[in-house]
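Visitor: I'd like to look at the aromatic rings in this model. Could you walk me through how they are classified?

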Amino acid sequence: MEQRVTKTFKVILTSLCFSASVSATTEADFDKYVQKLKSEAIAKGYEQSLVESAFATAKFKKKVIKADKTQPEIVETLETYLPKRVPDWKIKRARKLYKENKQLLDQIERDFGVQGRFIIALWGLESSFGRVQGGYPVISSLVTLAFDGRREALYKRQLWAALDILRDGHIGLDKFKGSWAGAMGQTQFMPTSFNSYAVDYNKDGRKDIWTTKEDAFASIANYLKSVGWNNNLTWGRQVKLPEGFSENYVLQRGTRNHSQWLEFFKNSERPLSDWQSLGIRRTDGTDLPNVNISAALVMPDDINGRMYLAYDNYKALMNWNRSYYFVTSVGYLSDRIGYPKI
């Protein structure tokens, strides 16, 4: 018995020593990688003081790697996803905040041409109306993900963009935090998106998507406007198919990237009058609107699940996040904000 206990203890001790050795090796390699990144940053023209201060905070984050590589095991459908993503409390909160911020939202709509209900919907779904922004240091997250190597080029681009944000004084290093993947603020922009779309709407000299609601709302609107938002349209509508409807009319699945998805969207797109002729109706069985609008037929799950006619603004939302479930949740929440009219 004593020999078995001793042997078991040795196995555990050996395992712990091995784990400690691997961890020490990883830490050493990470430190070397940080030095390499610092040299690259200097070569790109960043000031020595910025580089030293930013990378002094860079730590290897095991939780970031785990989050990046862990895939959800639960299989969702829209029937299970929407009630969790857009529960009643979130709809009530969204309608309340829309009413409270209507003057600001109306001004942003005039300036950018994006309806306020979509701004509030994205705000609510991305950061729970600014309350959940992530507590990971952005520099550490991006350096860790680049070091991991799976998508090094992607995360190095984000890292240089993050240095731009610090250099330009939009936020201090101590408050520069976001999700494990580096998404930041009330809008959950990645650093490159911040540099492309963030707006200093209150004119205080900083693009502050972390604490300034005016900047966060205008940045959402600027993003959507920049990717083709049409203020004269909504996002789409849920529809009912006739018996025996052919899947050949549905937008093709399995796209490699956003560009290919846009091609498939174009292949499915046709006027509402054509969809009406094919037997598609509103969910209550009534005719589709008699308006000159084109739409593609989108199938988030399968032919027996929910079906949607997607308008041009659907493409803008898919540019934000190429997920049928996410876009449907944005559209659904925006509809619940807008109707019944506040």
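Visitor: How many aromatic pairs does the rule give?

Guide: The count comes to 22 aromatic pairs. Rings of Phe, Tyr and Trp (its six-membered ring) pair if their centres lie within 6.5 Å; planes under 30 degrees apart are stacked, over 60 edge-to-face, and the rest tilted. This is a predicted model, where local features need pLDDT of at least 70 and side-chain atom pairs pLDDT 80 or more, while totals for chains, interfaces and linings use all residues. Residues are numbered from 1 along each chain as its sequence is written, and side-chain values use heavy atoms, without hydrogens and water.

Visitor: Why is the pair of Phe-189 and Tyr-223 called tilted?

Guide: The ring centres are 6.0 Å apart, so they pair, and the planes meet at 35 degrees, so the pair is tilted. Phe-189 sits in the loop between β2 (177–178) and α10 (191–197), and Tyr-223 in helix α11 (residues 213–226), 34 residues apart. Helices (H or I, at least four residues) and strands (E, at least two) are DSSP runs, numbered from the N terminus.

Visitor: What makes Phe-189 count as buried?

Guide: Its relative accessibility is 3%, and buried means under 20% relative accessible area (1.4 Å probe, protein chains only). Tyr-223, with 6%, is buried too.

Visitor: Which kind of pair do Phe-189 and Trp-320 form?

Guide: A tilted one, with 5.6 Å centre to centre and 55 degrees between the planes. Trp-320 lies in helix α14 (residues 312–320), so this pair ties together parts 131 residues apart in sequence. Both Phe-189 and Trp-320 are buried.

How values were computed. Buried < 20%, exposed > 50% of the residue type's maximum accessible area, 1.4 Å probe, protein only.
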